[in-house]
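Please open the structure in your viewer and keep the selection tool at hand.

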Amino acid sequence: MSAAETRFPVTPEAIAEAAALIRRGGLVAFPTETVYGLGADATSDAAVAAVFAVKDRPRFNPLIVHVSDTDAAEALAAFDDRARFLAGKFWPGPLTLVLPRRADSGLSLLVSAGLDTVAIRVPAHSLAQALLTAANRPIAAPSANPSGAVSPTTAAHVAEALGDRVAMILDGGRCRVGVESTVVDLTGGSPVLLRPGGLATEAITRFLGPLAPAGGGAPRSPGMLARHYAPGLPLRLCAYTAQPGEALLAFGPGADDADLNLSRDGDVHEAAANLFAMLRTLDRPEFSAIAVMPVPDRGLGQAINDRLRRAAARSEADDDWNDDRGPAAPCVLPGIEDDEDQA
Ligand code: TXA
Ligand code: MG
């Protein structure tokens with residue numbers, strides 16, 4: 001792929017082109033007041049899978065969904081009085097709210113990494129707003145940097161690190177805030193500060209009272225903990241065939257008797273896009289377990305395997321996407337060649 005042009009100054013034509021790219025499932029880097037985001041259609045599993053691939057994330061951690069205003073946000077998530085209050089005070093702006101995701105949100109399951117919550121924010125930057133309006137879609141956007149690198153605050157940062165992997169970069173100059181948004185989780189009884197950021201926490205505590213630190217032993221009822229989706233059925237990994245009673249979730253060509261196939265072509269992007277929806281589909285009482293065929297541990301396959309191993313382990317301690325201990329070794333794959341140019 002050739003290096004993406006950065007567009008500066010950004011014309012209405014460039015915005016229209018960027019919006020069309022988003023609607024076609026492409027990736028567009030765009031400025032927000034905090035940092036540059038790597039944007040994709042948040043309703044498309046394939047587009048969101050591409051975000052994880054470009055960032056080289058070894059894990060499906062959930063992404064922030066950007067919308068143009070509070071009404072659009074309320075169509076995606078359940079707002080309580082606290083959420084409405086904070087949204088009214090601080091949106092548009094550098095505040096992200098984690099809220100229960102609406103069943104009819106239409107959002108990709110991958111965008112919240114299988115959680116039943118979603119992180120939402122209304123950015124204040126005029127170009128971000130213009131893009132959201134023109135695309136007329138919620139836009140998933142993590143910071144536009146490779147996993148592990150610092151967040152970009154100029155278009156040049158994005159071009160250096162990801163220029164050959166995005167379709168377009170909208171250049172809005174330097175980001176005014178320069179650090180990521182403050183992330184507050186409102187899915188439990190007491191609000192939790194998941195990430196300090198561009199909105200001072202004092203501004204929030206003035207209205208909500210103290211914010212519990214993430215993982216700080218805050219008195220949340222266990223049922224309120226946002227867990228990743230794990231199937232009710234046990235998972236049996238590294239399987240090639242189903243045993244009696246099991247559903248078979250295949251990967252790759254030739255598995256004609258499988259119940260579902262993550263990707264007949266053996267494409268890890270397609271598999272990532274299908275993963276959560278297919279696990280949910282097979283999670284039915286007529287099966288005793290879900291047998292999952294091996295997925296090559298390269299590119300997005302690493303994140304798929306990470307998620308599968310965590311779902312198979314079924315312990316809460318294994319279910320933290322910020323925990324990088326890296327669980328069990330991947331399946332040994334005798335039959336599958338590493339034929340993708342991942343070098
Ligand atoms: O300023 C920002 O927030 C930038 C710009 C582009 O908007 N975006 C950003 O996204 O920093 P990202 O993906 O790099 O960070 C998302 C943060 C992570 O800490 C993630 O764990 C948390 O939000 N997060 C997202 N969805 C969540 C959820 N459902 N539950 C808990 N935390 C969530
Ligand atoms: Mg980031």
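Select A113, in the loop between β5 and β6. The model is a predicted one. Is A113 buried or exposed? A113 is buried, because 21 other C-beta atoms lie within 10 Å of its own, and a residue counts as buried at 20 or more. Its phi is near 50°, a positive value in a residue that is not glycine. Most residues other than glycine have a negative phi.

Next, select C238, in the loop between β12 and β13 (246–250). Here too phi is positive, at about 60°, although C238 is not a glycine. C238 is partly exposed, with 16 other C-beta atoms within 10 Å.

The peptide bond from W91 to P92 is cis, with omega near -5°. Most peptide bonds, by contrast, are trans.

**The sheet**

Now display the strands. In what order do the 11 strands of the open sheet lie? The order is β1-β8-β2-β3-β7-β4-β6-β5-β9-β10-β11, and the pairing is mixed. At the edges are β1 (6–7) and β11 (212–213), each of which pairs on one side only. Strands of a sheet pair through backbone hydrogen bonds, in either a parallel or an antiparallel sense.

On one side, A29 stands opposite I169 in β8; β2 (residues 28–31) and β8 (residues 168–170) run parallel and are joined by 2 bridges. A29 also stands opposite L38 in β3. The pairing of β2 with β3 is antiparallel and extends over 4 bridges, and a hairpin of 4 residues joins β2 to β3.

Continue to β3 (residues 36–41) itself. Since 6 of its 6 residues are buried, β3 is largely enclosed by the rest of the structure. β3 also runs antiparallel to β7 (residues 139–140), with 2 bridges between them. Select D41 to find this pairing: D41 stands opposite I139 in β7.

Select ligand 1 and the 27 residues around it. Which of these residues come nearest? They are T34, G37, P62, A119 and P142. Strands β5 (95–100), β6 (117–121), β9 (182–185) and β10 (192–195) each supply at least two residues of this shell. The largest share, 4 residues, comes from β6. Coloured by type, the shell divides into 14 nonpolar, 9 polar and 4 charged residues.

**Helix α9**

Select residues 300–313, which form helix α9. This helix has 14 residues and reaches 20 Å from its first C-alpha to its last, close to the 20 Å expected at 1.5 Å a residue. Why is α9 described as largely enclosed by the rest of the structure? The reason is that 12 of its 14 residues are buried. Among them are L300, I304, L308 and A312.

**The whole protein**

Finally, clear the selection and view the entire protein, whose secondary structure comes to 9 helices and 15 strands. Of its 343 residues, 50% count as buried. Among contacts with a separation of 6 or more, 69% involve residues 24 or more positions apart.

Notes:
Residues are numbered from 1 along each chain as its sequence is written. Chains are lettered from A and ligands numbered from 1 in the order in which they are written. This is a predicted model: local features need pLDDT of at least 70, side-chain atom pairs count only at pLDDT 80 or more; totals for chains, interfaces and linings use all residues. Two strands pair if DSSP finds at least two bridges between them. A residue is near a molecule or strand if its C-beta atom, placed from the backbone, lies within 6 Å of it. Ala, Val, Leu, Ile, Met, Phe, Trp, Tyr, Cys and Pro count as nonpolar, Asp, Glu, Lys and Arg as charged, and the others, Gly among them, as polar. Two residues are in contact if their C-beta atoms, placed from the backbone, lie within 7 Å. The expected span of a helix is 1.5 Å times one less than its number of residues.
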